[in-house]
Amino acid sequence: MRVFLLLVAFELSWAQYNPNTKPGRTSIVHLFEWRWADIALECERYLAPNGFGGVQISPPNENLVVTNPWRPWWERYQPISYKLCSRSGNENEFKDMVTRCNNVGVYIYVDAVVNHMCGAAAGSGTHSTCGSYFNSETHDFPAVPYSGWDFNDWKCKTGSGEIENYGDPYQVRDCRLVSLLDLALEKDYVRSKVAEYMNHLIDIGVAGFRIDASKHMWPGDMKAFLDKLKNLRTTWFAEGTRPFIFQEVIDLGGEPIKASDYYGNGRVTEFKYGAKLGTVIRKWSGEKMAYLKNWGEGWGFMPSDKAVVFVDNHDNQRGHGAGGSAILTFWDSRQYKMAVGFMLAHPYGFTRVMSSFRWPRYFENGKDINDWVGPPSNGDGSTKSVTINPDTTCGNDWVCEHRWRQIRNMVIFRNVVDGQPFTNWWDNNSNQVAFGRGNKGFIVFNNDDWNMSETLQTGLPAGTYCDVISGQKEGNGCSGIKIQVNGDGTAYFQISNSAEDPFVAIHVDAKL
């Protein structure tokens, strides 16, 4: 009996690390600021057919409407209540999206903003996405309800009430992050309100949560509200399935708060991943792709089974959040595709692909002063729909990196090689590298300033393969490059340093 109880406890303790994606689907995409109606359509027409496992959505709850600057993206991170109405849609549209996406096996992961409410200077009134009244000066949020008793002001020991020193973990967790009113999560009432909100989303059918600003909450307080969460709905998930939890903790080293403080609650965002990979692909600081042979824990990253990894996210693609100018984004499309291709081919971590919108970049003193600009919008501030062009790219200034052929096909590559070991590493001591995933897939990069011409051991069965970067398998042929794998598993690769995409990837499902 004791062994059984220990096994049950072990399974429960590991449950929140499981992304709950359907078998054979290994990546999620962040459809940043998309409308619920557009996400529902995208699940059905594109994400499910191309093997995506799920969607991280923008915060769905009521937020402050900010008009100076005009409707910035960050207004979504200033909660007014836990009602489900935002620029992305109302509660009925949210339910429709979750149902339609779940029905095609693409699950929804909610960006949960529960560390704080809106900024202290937001004032009072009904300028919120549902029209609920609030007063930030008196800390009054009747639509929850929260009152002055439910905030941490008395606990914060700085004169300003703000975080002044990131070297002090008490300040980081008890004081205001950029003036946002910090919730007293040590109070059972506050924990219960947070859990009530998250359980409402679980009742609708979501599969898990990205917990925003986790670094600014005590891990024990988080555990207390996470322990109150229900199991996922049995309409779509096996009985007893726990919600997937991944926590936003920016840990680049050098601060007392560590990502490891949060392992007990679920997975954690590995911010070192995109910062280091960007530095390597850019060839900054003497870094070379040859050094990626021990990528992952060998680079000081967290254990693979605790990590959610990404090349960029909605914060650091705008130059803040973590990683600085090393972060690769859609603005650097050639290098970006290589970085995302490497991430999706490599076995480390659980992968999240970014899907962005364009904004008019304008630099002063090296800083983009338009980094606040919100999603493509109509004159009244409502979000524009995501239109699809005849070539399957997106219109209306939606970037849709997940629809780029190279990235979509690497999402499929990762599904094909899932569970296969990291094998057949090769490098030229510089920026030409290659590696396999068991006997299922092989990828080759040329990030040097000269052409590559090499015969390499792929580990794959003999035959003709379609490169899924320059094209893909279509019927009985390839729309891009063909690669011939010999009887001994070797193949010849020629990659020009001036190629639009200087990498090649083949897998067993792309074999003629």
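Me: Does C118 count as buried or exposed, and what relative accessibility does the assignment rest on?

Reply: A residue is called buried under 20% relative accessible area, exposed over 50%, and partly exposed in between, with a 1.4 Å probe and only protein chains considered. At 0% relative accessibility, C118 is therefore counted as buried. Please note that this is a predicted model, in which local features need pLDDT of at least 70 and side-chain atom pairs count only at pLDDT 80 or more, whereas totals for chains, interfaces and linings use all residues. Residues are numbered from 1 along each chain as its sequence is written, and side-chain values use heavy atoms, with hydrogens and water left out.

Me: What share of the 512 residues counts as buried?

Reply: Of the 512 residues of the protein, 60% fall in the buried class. The accessible surface, computed by the Shrake-Rupley method with a 1.4 Å probe, comes to about 19,300 Å², and 50% of that area belongs to carbon and sulfur atoms.

Me: How many helices and strands does the secondary structure contain?

Reply: Helices (H or I, at least four residues) and strands (E, at least two) are DSSP runs numbered from the N terminus. By that reading the protein has nine helices and 24 strands.

Me: Which residues of helix α6 are buried, and against which elements do they pack?

Reply: Helix α6 covers residues 219-226, and six of its eight residues are buried, so the helix is largely enclosed by the rest of the structure. The buried residues are P219, D221, M222, A224, F225 and L226. They pack against helices α4 (169-174) and α5 (188-204), and against strands β8 (208-211) and β9 (244-247).

Me: How many disulfides are there?

Reply: A disulfide is a covalent bond between the sulfur atoms of two cysteines. The rule applied here is a pair of cysteine sulfur atoms within 2.5 Å, and by this rule the count comes to five.

Me: What does the torsion about the S-S bond say of C43 and C101?

Reply: The sulfur atoms of C43 and C101 are 2.1 Å apart. The torsion about their S-S bond is about 90 degrees, so this disulfide is right-handed. C43 belongs to helix α2 (residues 36-47) and C101 to helix α3 (residues 91-103), so the pair ties together parts 58 residues apart in sequence. Both cysteines are buried.

Me: Where do C85 and C130 lie?

Reply: C85 is joined to C130 by a disulfide with an S to S distance of 1.4 Å, and the link is right-handed, with 125 degrees about the S-S bond. C85 is in the loop between β2 (54-57) and α3, and C130 in the loop between β5 (124-125) and β6 (134-135), so parts 45 residues apart in sequence are tied together. C85 is buried at a relative accessible area of 15%, whereas C130 is partly exposed at 28%.

Me: Is the link of C466 and C478 left-handed or right-handed?

Reply: The sulfur atoms of C466 and C478 are 2.0 Å apart, and with -80 degrees about the S-S bond the link is left-handed. C466 is in strand β19 (residues 463-466) and C478 in strand β21 (residues 477-478), twelve residues apart. Both C466 and C478 are buried.

Me: What pattern do the disulfides follow?

Reply: With bonded cysteines counted along the chain, the pattern is 1-3, 2-4, 5-6, 7-8, 9-10. C118 is in no disulfide, and the nearest cysteine sulfur, that of C130, is 14 Å away.

Me: Which residues does D315 touch?

Reply: D315 lies in the loop between β11 (307-309) and α8 (333-345), and is buried, with a relative accessible area of 14%. Leaving aside residues up to four places away in sequence, D315 touches W73, E248, H320 and G321.

Definitions and conventions
Contact = heavy atoms within 4.5 Å.
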